[in-house]
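Me: I am new to this structure. Can you walk me through it, feature by feature?

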Amino acid sequence: MEKTLGWDLHCHTVFSDGTRTPLQLVQEARERGLDGVAITDHDTAAGWTEAVNAARGVGMPLICGTEMSTHWPLSAGKISVHVLAWLYNPDGRQLVELFARTRQRRLERARTMVANLARDYPISWESVCDQAKEGGATTIGRPHMADALVAAGVYRTRADAFAGVLSKRGPYYVSVETPTVTEAIRAIKDAGGVAALAHGGSFARNRVVLSDDQIRACVDCGLDALEVNHRENSPEQRTRLTKLAQRWGLLVTGGSDWHGQDGKPNMLGENSTDVPTVKEIARRGAIPVV
Ligand code: AMP
Ligand code: FE
Ligand code: FE
Ligand code: ZN
């Protein structure tokens, strides 16, 4: 069988911190010749309906999903962990509650952070909200603060703002309260979804990544897959994660973490998941692939 480009299972749109609409996502996926694409906005399923309609219109296979913000608690601090959830039942009660809670906390945190920033920079809560293209349906995050800072002429790009005042180590930063990783995975499995540890070998977000034992605990909660192929996983981490996947019978996936051209340099399809793996994800999921 001829090798195809596979599926990009990790993509963001205007329903969170991406800069493109679900229609633009499926159109670009088609232009690039991908086999299919997943919509995985942060902590929401709000973009699904639009994405499903767009995918049908364009004739592009689509997987509906979400990237959940979670954490592993440590005695001092926490490890921030992202979990990809695909093909879950969107009425899953625990999951709906977790999303609502995280989104509420994101709002509170954004208000505090923006108030901190507004003391020294020409931005306001209104100017940040102006950057949320889907209004209240948008999962708000630091990228929207970055866009407001760019609009105010403080920085040239999102990346500059993240390297500057939006940095985790900076004086304006406020963290978001999130569910634990294991709580999130249990809720995903309860809703019949397929769960993957996103960019589990990325040191861009934490000084430490999840240990083998900690990932094992996730597997015991039902974790299905490891996102091995992601630009933030180093070659060493990819080797390590691949070995763990083999040892514990986990699926290996890849995704670009696309946020649109001006959102992040990540290009759609730069990392992907092969068709047999997607077939297995589809088999495990609670809802059909579009
Ligand atoms: P938050 O979850 O609100 O703390 O913001 C984190 C989000 O910001 C991540 O999901 C990334 O998509 C985005 N992000 C992190 N670093 C950068 C960067 N250097 N440039 C653009 N977006 C970034
Ligand atoms: Fe993001
Ligand atoms: Fe992520
Ligand atoms: Zn992502």
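Me: How far apart are the iron ion (ligand 2) and the iron ion (ligand 3)?

Reply: This is a predicted model, so treat every value as computed from it. The two iron ions, ligand 2 and ligand 3, are 5.8 Å apart.

Me: Are D17 and H42 buried or exposed?

Reply: Both D17 and H42 are buried.

Me: In what order do the strands of the sheet run?

Reply: Start with the general idea. Strands in a sheet pair through backbone hydrogen bonds, parallel or antiparallel. In this model, 7 strands make an open sheet, ordered β1-β2-β3-β4-β5-β6-β7, with mixed pairing. The edges are β1 and β7 (251-254); each has a single partner strand, so one side of each lacks a neighbour in the sheet.

Me: How do β3 and β4 pair?

Reply: Strand β3 (residues 62-73) pairs with strand β4 (residues 78-86) in the antiparallel sense, over 9 bridges. For one position, find W72: it stands opposite I79 in β4.

Me: Which strands does helix α7 touch?

Reply: Helix α7 (residues 181-190) packs on the sheet and touches β3, β4 and β5 (194-197). Its direction makes about 150° with that of β3. Helix α1 lies across β2 and β3, and runs at about 150° to β2.

Me: Which residues of helix α2 are buried?

Reply: First, the general idea. An α-helix has 3.6 residues a turn, so residues three or four places apart point the same way. In α2 (residues 48-58), the buried residues are W48, A51, V52, A54, A55 and V58. Down the axis of α2, they fall within an arc of 165°, so they line one face of the helix. On the other side of α2, T49, R56 and G57 are exposed.

Me: What do the buried residues of α2 pack against?

Reply: They pack against α1, β2 and β3. Just after α2 comes G59, with a positive phi of about 75°.

Key
Residues are numbered from 1 along each chain as its sequence is written. Chains are lettered from A and ligands numbered from 1 in the order in which they are written. This is a predicted model: local features need pLDDT of at least 70, side-chain atom pairs count only at pLDDT 80 or more; totals for chains, interfaces and linings use all residues. Side-chain values use heavy atoms; hydrogens and water are left out. Donors are N, O and S atoms within 2.8 Å of the metal (3.2 Å for Na, K and Ca); water is not among the atoms, so sites may look incomplete. Buried means under 20% relative accessible area, exposed over 50%, partly exposed in between (1.4 Å probe, protein chains only). Two strands pair if DSSP finds at least two bridges between them. Helices (H or I, at least four residues) and strands (E, at least two) are DSSP runs, numbered from the N terminus. Contact means heavy atoms within 4.5 Å. Axes are lines fitted to C-alpha atoms, for helices over the stretch in contact, and angles run from 0 to 180 degrees between N-to-C directions. The arc is that of the directions from the helix axis to the C-beta atoms.
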